[in-house]
Each structure stands twice: as structure tokens, then as C-alpha cells.
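Keep the sequence and the structure open beside you as you work.

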Amino acid sequence: MSEENKVNENSKNEQLEPFRSDDRDKHLTTNQGLKVSEDEFSLKAGSRGPTLMEDFHFREKMTHFDHERIPERVVHARGYGAHGEFELYESMKPYTKAKFLQQPGTKIPVFTRFSTVAGSKGSFDIPRDVRGFATKFYTEEGNFDLVGNNMPVFFIQDAIKFPDFIHAVKPEPDTGYPQAASAHDTFWDFIANNQESAHMVMWLMSDRAIPRSLRMMEGFGVHTFRFVNDEGKSHFVKFHWKPKLGIHSTVWDEAQKVNGKNPDFNRQDIHESIENGDYPEWELGVQLVPEEDEFKFDFDILDPTKLWPEEDVPVNIIGKMTLNRNVDNVFAETEQVAFHPGSVVPGIDFSNDPLLQGRLFSYTDTQLIRLGGPNFHELPINRPVCPFHNNQRDGYGRQTINVGKTSYHLNSISSNMPSPASVEEGGYEHYQEKVDGLKIQARSESFKDHFSQATMFWNSMSDVEKQHIQEAFSFELGMVNDRAIRQQVVDMIAHIHLELAKEVAANIGVREPLTGGSNVTKSSPALSQMNTVHKADTLKIAVILDEGFNDTEVETAIQGLKKFHTYPTVISSKLGKIKGENGTEIEAVATFDTGDPVLFDALYVAGGKNSSNGFVKKVSYMVQETFKHFKPIGAMGAGIEILRKNGVTEEPGVITEDKAENFITKYIDAVAAHRHWNRNV
Ligand code: HDD
């Protein structure tokens, strides 16, 4: 009865192949396969007459077009997806029987979709928002979906509040704005009235909410899940994705500008990285807690507003995900992919986290409306790479042609085929947790501390990160019209940190909180982005060139930058060839109009001979913007003079050198640091 089922990292790609259609060098046909001879002019009664109903090609083409749109996701509408593989480093056999987690070296295909939460599909890439981080593991035992976010906690503790929360953050119903923003009355009104959100709001106000790149953010499964091993022993588990490039963010002023200059900044960044062969990588980590230790913490491990400090429960790195293939078709793959936290495999199970429990209902339900019926599992992107058989039948768009007489269980006619598998044969068995309690609608007492971990998060931040959080609160609440809401939120912040609340109060025109303060002194260094990996790899550098540049200097510098795996982009006042003083020609691929400094990680000003005042003015704008966003700046030769005019030469992260070799070494170090916070801005 067992079907041979070998899965490797190519299995999904191979499965998708028969569904791909290459239209190049083909005749145009109708959907019925009829070759079409005319696709510009509809069939009319006379060349100036009315169009005729008889024109079946026109009707088919127009009807299909009229029906092209499907509802966008109710949340996480704006997403970017890519294919890749997961490789296991370390066997998890002692903890789980999940087959893809047994043998080190095992590789399986994955598909990951990143997303923003609040904005609609056509919004921009860097709002202040949570990012979705959803991965479908195509395993030999079926699909396992890890549907997480880039923040390890959530706003609410019970799924019944999710519609309320989302209603509050989405554009306000009477005006339809603001788009993709939490900086408005209903969001903050919800926060003030639902103070379990305190911890998550700290994350949302932090730099995590405005990532520089999807390749440079962490992912978290958020909830406590369960691993169950062959002996039936269970461990609680939390999942983490750790980016190999470290965790890096934009600054708020920069993010707002990027959203206008290039609303697709993050998606283009990851698309191009994959096309360039700079495959983004994340290591998968697990925190494990034996079932008997469930109550050993000063918080409830079922509460999704709590994290497990990494210093208390270490993150074991067990494998790596590499995204190495962009989709062929965004609609067919990224849009139609359907995730579900309830898609698990034997050895992975749920906890009683009430947020997770509610999600187990919501995801199938939403796919039914979004993808138009119960057969969305048949869409190529959603199909498991292992066989699937059951007695489910029919429905809109059904593709499978099930043969045979019976579609019910139990039966005698087909010997009960398909039949349930025993546990030994790989049948899923729900973990037999003992549950004993009254039916009750209440919050557990153990879920009532909303502020300790919010304070721990604050305590863990560096001074710069703290300043950003304070500024973010001041901006967001500054956008709230209703003063009473502003006051309530400030009073709430006071329970996290009194000084923070006072500073925010002073900025937003409300009175200082009357009570507050916290005696939590704990901090978790792993929460600060300051303690992350810093690398220059794949960063984008704006190189400013003018006619008459110093040939050797510039050529050596550009070669050096490439050697360190950064991407120099030559910018000048016009596109095309720029000539050095010794005749070297270098192509400018962006202008001051198209190459805004917010789109780059660093600036290198080479300049040229006798640059016009207009040129210097444009470069000065680039210098000022890059400086203000704390990004590295470098110059040699003529460029140094422009930096001097801008008064930045003595500032941190600003490298000026006459020798190209010295320049590159120092400049690359400055670039690898990403930001130089101790500037006089
Ligand atoms: Fe959710 C989408 C992550 C709570 C209901 N959610 C969605 C996506 C991600 C998350 C990454 C996008 C999947 C994709 O790219 O297609 N959601 C989370 C996390 C949560 C969370 C990490 C808390 C820990 N979500 C949550 C709750 C509910 C939902 C409590 C409802 C009870 N989420 C949905 C949804 C979506 C969704 C409405 C919209 C589109 C979809 O499911 O496929 O069902």
C-alpha cells in the first residue's frame, strides 16, 4: 500500500514543470485551442459599425479580463514570494519524529512569502508594520507551514479579538484612510483599550518594523508549538529564523522617502539578490522546553504576548533555508499560495495558545473565499509533493479525476480504500494531552501581566534604539487627533517605562502620566539589533561621477568595492558614458533624478574636474541625505572638496583618503557597519 515517496530539494520545481506554459513562438489561440487570425479589431458590421455579439474571441478575451481579479488577502495582502530549499544540520530525532528533521543533510523544497500586514496589495514596502514570514515546507509527509512574523509576539492573546484588532489598524471606515499605517486614531484607541498589546507595540515602535531588507530580518513562529518524538514524549518548541546577513533596518525619515521614490524597494531588493545569485539565507533555530517544565517560567508559555528570552532558553540552530529561485508568475505562485498554521506533519503539534487555536480555523476559511472554493490545494503551488488521497470530491474548479465507484468511508465495495494509516505507517496522531476544565469565556490569570516583557524589551535596547522608539511613539501619537486617546496611550506607556512616557507626553501635548514606573530590571541582549552580524555583502553603493574623474582612482575603487561583494551604481547628471581625465569611459546607470540617496546603503563621491555649481548642489543633497540617515560616506580626490563644503569630513563613518587602496579598506569597514549613529545630526 505504501507509495515510494522520495523528496529532494528539486521535487517542487519538477512538480511545477508540467504546469508551466511558454507562449513564445506560438500562435495565438482561444482557450478552446482555435487559432485566432485577428487580435486588434473586433468583428463589426462595417468598419465604422457596431461590434457583433458573434465575435467569440472578443467575448472570451473580455470576459476573462473582467474576471481576472480575486479578493486580496484580508491581512498580509502585499507579499513577495520565492522558492528555495531547507537543509537540516542537526537531527531532531530526540524531540520530534517529523521525517524532514531526522537525517542531517536532508534537503527539501520550500516556498516563502514575506508580507506587510495592514496595507493593501498596492501599498508600499516600508510602512511601519509587522512583516509576515510564511514558509511552506514541502515534506515527504505533506506540507508543513510555518506561518510566522518578523516579531516574536503578538498584539492580542485570543483569536476572537483578531477581527477587532485588524479593523482598528486598517483604514478608518468612514474615510478610507490612512493606507498602510498604524498612525491613526482607531489603531491607538484599540491599543489603549487592549493593553495586552503593550509588548508588541514596543516591537512595532522599534526599528524592526522598518526593515532595510527582507533578507535582513528575523522570523518567528510566535506561538508555542509542540514537538513529539517516536516514544510519544513531547517538548514545547518555538521556531526562529536567523538571517545570515544580520538584522538591519532603515530609519523612519528614510523609510517614508523610500516609499515614494520606490514603493517596491524591499521586493525589488530580494528579487535582484536572487537573480544575482546572492541567495538569502536564514538559519532555523528552535527553543525547546520539556513538557514537565511548562510552569517553570514567570509568564505563561501559552501566552502569545510573551517570548522566551534566548539567554534563558537557548536557540539551537538546526538547519538553513536558502531562497534561490524567483517565481515565474506572481499570481500563480505568490498570490495563490495558501498558508495555514494547521498544516503540520507527524511529530509537530499545537499548544493551547488561544491565538493559535483560533488561527487553526481562520486560514482555511479565508482561502475558501479568496481562492473561490474548496479545491485550492490542487493549485500547483499548494500541492504537496507527496501523494494525497481522500474521499473529498467535486467543488468549483476541481481538477483531479478520481476514478472508482466509492467516495465514502467506511465501505465494502473498495475495501475501505483509501484507508487511514496507522501511526507506524505515518498516520498523524494528535498529541494526547490531558485537558480538564470548565467551559468558560475568560482570560487566564496567568495571562494578566502585560507589561513586564514590554519593559524587558525596553531595557534591552541600546540608546539609539530607545531614541527611535521614543520618536516612533511621538510620531504615531502625533498623528492621533483625539487627545484623550493620546493621553490614554501615554498613561499606558508609563507602566512600561515612566521616563519614556514623560518624553512622549511632552512631544504630543498631553499631561505627564500621574502614575507608573516598573521595577523590571531584566534585559535580553539578543533583542537588540546592535548585537547582530554586520557585513558589507550585497549592499548598494551610490558612486557619484562627473566628467574628468580621476581614472585610476575611480577604477581601483570600483574594483575594490566589487571585490568586497558590494554593488556600486554609477550616478551622474545624465545617463550614458562619463569620461575620465585620461579617457576611461564609465557608464552612468542612474541620474540624480532616478538615483535618490535613500535607495542606497552608502555613498562614494568621486566627482570630476571642474564640476558645475549645479552638479555640486545635487551631490550636496545626496551627501546631506546620506549623512542624516547615518549611512557611510566616502570620497577621494575631487569628492573630498564636496564633503568639506558640507562640513561632514570629520564625522564618524565618513572616509576621505588620497590613496585608493587605503580608501577601500577603511570604507568597506564603514559600509559593513551599516549605520554610524554617533554623528552630530
Ligand atoms: Fe495571520 C495571513 C501570520 C494571527 C488570520 N497571517 C497571515 C500571513 C502571515 C500571518 C504570515 C500571510 C500568509 C501569506 O503570506 O499568505 N497571523 C500571523 C501571525 C499571527 C497571526 C504570526 C499571530 C501570531 N492571523 C492571526 C490570527 C488570525 C489570523 C489570530 C485569525 C484568527 N492571517 C489570518 C488570515 C490570513 C492571515 C485572515 C489572511 C490571508 C491568509 O490568512 O491566508 O486568515
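## Exercise 1: A lysine in a loop

K99 is partly exposed, because 19 other C-beta atoms lie within 10 Å; the label buried needs 20 or more other C-beta atoms within 10 Å of the residue's own, exposed means 12 or fewer, and partly exposed is in between, with C-beta atoms placed from the backbone. The model is a predicted one, in which local features need pLDDT of at least 70 and side-chain atom pairs count only at pLDDT 80 or more, while totals for chains, interfaces and linings use all residues. Residue numbers start from 1 along each chain as its sequence is written.

Task: find where K99 sits and which residues K99 touches, not counting residues up to four places away in sequence.

Solution. Step one: look in the loop between β1 (79–88) and β2. Helices (H or I, at least four residues) and strands (E, at least two) are DSSP runs, numbered from the N terminus. Step two: leaving out residues up to four places away in sequence, K99 touches T139, E140 and E141, where contact means C-beta atoms, placed from the backbone, within 7 Å.

## Exercise 2: A strand and its partners

Task: work out which strands are joined to β11 by bridges, and how they run.

Solution. Step one: find β11 at residues 540–545; 5 of its 6 residues are buried, so the strand is largely enclosed by the rest of the structure. Step two: 5 bridges join β11 to β12 (residues 567–572), and the two run parallel; strands pair if DSSP finds at least two bridges between them. Here the bridge partner of I541 is P568. Step three: follow the chain from β11 through helix α14 (residues 551–563) to β12, a right-handed β-α-β crossover: with the strands pointing away from the viewer, the path from the first strand over the helix to the second runs clockwise. Step four: β16 (residues 602–607) is also parallel to β11, joined by 5 bridges, and A602 of β16 stands opposite I541.

Notes: Contact = placed C-beta atoms within 7 Å.
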